[in-house]
Amino acid sequence: MSTFDLLILPGDGIGTEIMVEVDRIISWFNDRGAHSFNTERGLVGGAAYDAHGAAIDDATMDLAQKADAVMFGAVGGPKWDDVPYESRPEAGLLRLRKDLGLFANLRPAICYPALAESSSLKRELVEGLDILIVRELTGGVYFGEPKEITDLENGQKRAVDTQLYETYEIDRIARVAFDLARKRGNMVHSSEKRNVMKTGVLWHEVVSKIHQEDFSDVKLEHILADNCAMQLVRAPKQFDVIVTDNLFGDILSDVAAMLTGSLGMLPSASLGAEDENGRAKAMYEPVHGSAPDIAGEGKANPIAMISSFAMALRYSCSLADEADMVEKAISTVLSNGLRTGDIMQPGKQQVTTSEMGTAILDELNKLA
Ligand code: IPM
Ligand code: MG
């Protein structure tokens, strides 16, 4: 029997509600007895700030370093609008990404057949959509220094963020994208702004070189990030894998999310480099945020969080069959007409967060 150590970080807002549904699925797997998941819990984001004045503490970071995978809910909310910038809830998430070295963020955008009508785009544009955004996650303007606001003492201030990439950072994310493309549609779009940014020039150069040297069997297209955003809403099915930097990846993945019907549907995996035993640090989180406007009302869609757990089964536990089972259960529940508010449509049955979780568990029982 294989054993896996998971660190559960529900965070803030709907993060705590959707994580309950993952807890139930973990218990379900534990009860079956084929694999065992040990869980530890910790605080992150505003919840951590309220408890000890930092968005994540060292003890929790320690647990994250040791875990096979971190399950992350969501952070933030208006309650913490006025906390110091260094302690804002998002700082906990960024520290996890940076300190665990999670440079590769995989954001699949799949349009479940049952949800083709929920998208703001026409059915024929999104039906069958299956794209993967590979976002660089530990570099770029999110972390580049200097990053500061200076008082110019003439009534003016100057704010600086630094967009910075070194060759190795582009090299390793490009390899992840090409590798994944080989297992899918064998096509990569590399997205940057080389027409105005030096980082874009280097990005284009490095991706082209890696492609030529090691991945010439994969089709590569270069696309400017603004055009990429436009093409995503014009004809999204032309894409297979999109590889891009931290900031463009943040934006393009929100665009891609809406193609699938709702931000509540999109999971993600953030992976580090493999060690000598072939194991990589990893964190799994929904692409959506803490949705403070609906928090505590049982309205949140737990599917992105549960699909993120399926990604953990696939990438951190090598349990592909179990991951398939969870994804199949989600797909069936949607085909059966169950919907949380964000994906509700006429004639469907609106359910709460926990009713959605129960329905997915019921399907798992049928599949087991
Ligand atoms: C995301 C989020 C984060 C980001 C925020 C919460 C810091 O938008 O994961 O896409 O910008 O990376
Ligand atoms: Mg984002």
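## Thr-353 and helix 12

In this predicted model, Thr-353 belongs to helix 12, which covers residues 353-367. Thr-353 has a relative accessible area of 4% and is therefore classed as buried. Apart from residues up to four places away in sequence, Thr-353 touches Glu-17, Ile-18 and Glu-21, and also Gly-298, Lys-299, Ala-300 and Pro-302.

## Helix 1

Helix 1 runs over residues 14-32, a stretch of 19 residues, and from its first C-alpha to its last it reaches 28 Å, close to the 27 Å expected at 1.5 Å a residue.

After helix 1 comes Gly-33, a residue whose phi is positive, near 85 degrees.

The protein chain is divided into domain 1, made up of 1-103 + 263-368, and domain 2, which takes in 130-259. Between the C-alpha centres of domain 1 and domain 2 there is a distance of 25 Å, and the contact draws on 12 residues from domain 1 and 15 residues from domain 2.

Together, domain 1 and domain 2 bury about 1,200 Å² between them, with 70% of this area on carbon and sulfur atoms. On the side of domain 1 that touches domain 2, helix 4 (residues 89-99) gives the most, with 3 residues. The search for salt bridges across the interface of domain 1 and domain 2 finds 0, whereas 2 residue pairs are found in polar contact across that interface, both at pLDDT 80 or more.

## Ser-270 in strand 11

Ser-270 lies in strand 11, which spans residues 267-274. Because its relative accessibility is 0%, Ser-270 counts as buried. The side chain of Ser-270 makes a polar contact with the side chain of Asn-105, at 3.2 Å.

When neighbours within four places in sequence are left aside, the contacts of Ser-270 include Asn-105 once again, as well as Leu-102, Ala-104 and Leu-137.

Definitions and conventions: Residues numbered from 1 in each chain as written. Chains lettered and ligands numbered in written order. Heavy atoms only, no water. Helix = DSSP H or I, 4+ residues; strand = E, 2+ residues; numbered from the N terminus. Expected span 1.5 Å × (residues − 1). Domains from an automatic or database assignment. Contact = heavy atoms within 4.5 Å. Buried area = accessible area lost by both parts, 1.4 Å probe. Salt bridge = Lys/Arg side-chain N within 4 Å of Asp/Glu carboxyl O. Polar contact = N/O pair within 3.5 Å; in protein donor to acceptor, adjacent residues only side chain to side chain. Buried < 20%, exposed > 50% of the residue type's maximum accessible area, 1.4 Å probe, protein only.
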